[in-house]
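Here is my note on the model, as numbered points. Please read each one with the structure open beside it.

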Amino acid sequence: AHPQITGPMSALCLVAALAAEGLAVGAHRPAALGHPGNPYAVRSSRVARSAAVMEPTEEMDKRSLRRRIMSTDKFYRGNRPFDKDVHTKVASEMVDKFKGALIEQMRSNTFEVTRGEGDEAVTFVLAKEYGFCWGVERSIEIAWAAREQFPDRKMHLTNELIHNPQVNDMFSDMNVGYIEKSESGKRFDRVEDGDVVILPAFGASLEEMQLLDSKNVEVVDTTCPWVAKVWNTVDKHVKREMTSVVHGKWAHEESVATASMASHYIIVKDIEEAAMVCKYMLGEKDALSKEAFLDHFKNAISEGFDPDVHLRKLGLANQTTMYKKETSAISKLFEKTMIQKYGPQDAAESYAAFDTICDATQVRQDAIQDMCDDAKVNKPLDLILVVGGWDSSNTGHLLEIPLHEGFTAYHINAPDCVKADNSIVHRTLSGDIETTADFLPVGRPVRIGVTSGASTPDSSVEDVLERVLMLRKLSKVPA
């Protein structure tokens, strides 16, 4: 069942959470700002630490450094790190804020609902799995609870909490600001003593964690346990002296965080870039030169990366929101390359792959695939609406599936993308924002498939559907 707020935590998500935390849920309850029972006072004393950001050493590798930072009394982590009453209140308010009555009706009615009659009828077909995932719900609840716990504190987010404009606007209204970005990077110097800094669902880089650890601030960690699970995979790469190959987007917050946990890394965004790497490894005739290789991947490799040295032993990880089929294809390509280069006996020592696509990403991709398959053999769909933030990687991949299957589909991030003149503003797979005229058929019944990204609340989807119904009334063909 769809876990929108009211559903219980799935066993799989709980396992991921426990594995990522490295301890039982709720086991780490940091002392609250000075002494137990006083969550608002600034600590008068704290364990002495150097103000300088520590570099990992042989004695303290990146994994150990990360765990040390997370174990301090100013680092709030776990599924419910604040007072129980605060979390109970926030969870209830989230239900009211994010629910959608029409969506609930669709879920209880074979995931379909029809509005209007005859030629004016509009049928919405909802994917069986869609919208908010447990990790996003968890992130929102922790950040919201932090605002409740520290109502008078200046509060910062290191990045957008999740890739959804409505949710991020909500936190702006709560006076939760973003750390300013400049050409030289984020302005952490604007974070003052006693402030509270929230790490988003995508996580934060180890360098950012170290910097915040050196400051007199409270850190609230909302990192999705599935992301932390990927970090644990990268730890295994480091232990085996492997370079981490990350299937992801080099500028995406999650990939930045994951790469920071590796000794050496290269980030490949798709099967084409993976093929570039494999051709270089095999020395094929059409492979890039070393200079061209380093130039192409200049933003996606670790400092000092040498492809002649650091591509000898590889471990695959991925941004959790990537298209699973492509990650699987990339894994097979690297495995084949390693066997070809080193032989089947040595390939096992030279290459390791772990499945780190999160469950929520996978089931949503499967559900939109099932919707497309069903529409081909049963009742066809006129179009598919994919609702979610334009910066949302997982939402973009939900668009990719129906387009690949030959359906008309539009990725929209807000209700006002549906215009009164029957046009729709949408994001293409290439990232361009385009406007398509006359997107909604008139003068006949219409069937519309609907899905949404893992960062999209039901209320946002419902607002889109209500907008379509209003447009349908405005576009009624005169008798």
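1. Alanine 347 is found in helix H14, which covers residues 344-350. Its relative accessibility is 9%, so alanine 347 counts as buried, the cut-off for that label being under 20%. If its neighbours within four places in sequence are left aside, alanine 347 is in contact with Met338 and Ile339. Between alanine 347 and glutamate 335 there are 7.5 Å from C-alpha to C-alpha, and the two are 12 residues apart in sequence.

2. As the model is a predicted one, please keep that in mind for every value in this note. The chain has 479 residues, and 54% of them count as buried. Its secondary structure comes to 17 helices and 18 strands. Among the contacts in the chain with a separation of 6 or more, 71% are between residues 24 or more positions apart.

3. Threonine 361 lies in helix H15, residues 359-377. With 4% relative accessibility, threonine 361 falls under the 20% limit and therefore counts as buried. Not counting residues up to four places away in sequence, threonine 361 touches Thr320, Thr321 and Met322.

4. Next, a pair of helices. At what angle do helix H10 and helix H13 pack? The angle between H10 (residues 271-282) and H13 (residues 324-342) is about 5 degrees, and their axes are 10 Å apart. H10 is therefore roughly parallel to H13, a term that applies to angles under 35 degrees. On the H10 side the contact is made by Ile271, Ala274, Ala275, Val277, Cys278, Met281 and Leu282. H13 contributes Glu326, Ala329, Ile330, Leu333, Phe334, Thr337, Met338, Gln340 and Lys341. Sorted by class, the contact of H10 with H13 has 12 nonpolar, 2 polar and 2 charged residues. Met338 of H13, part of this contact, is also in contact with alanine 347 from point 1.

5. Strand E10 (residues 243-247) and strand E11 run parallel and are joined by 4 bridges. Which residue of E11 stands opposite histidine 247? That residue is valine 268. Together with helix H9 (residues 253-260), E10 and E11 make a right-handed β-α-β unit.

Notes. Residues numbered from 1 in each chain as written. Predicted model: local features only at pLDDT ≥ 70, side-chain atom pairs only at ≥ 80, totals over all residues. Heavy atoms only, no water. Pairing = 2+ DSSP bridges. Helix = DSSP H or I, 4+ residues; strand = E, 2+ residues; numbered from the N terminus. Right-handed = clockwise from strand over helix to strand, strands pointing away. Axes fitted to C-alpha atoms, helices over the stretch in contact; angles between N-to-C directions. Parallel < 35°, antiparallel > 145°, perpendicular 65-115°, else oblique. Contact = heavy atoms within 4.5 Å. Nonpolar A, V, L, I, M, F, W, Y, C, P; charged D, E, K, R; others polar. Buried < 20%, exposed > 50% of the residue type's maximum accessible area, 1.4 Å probe, protein only.
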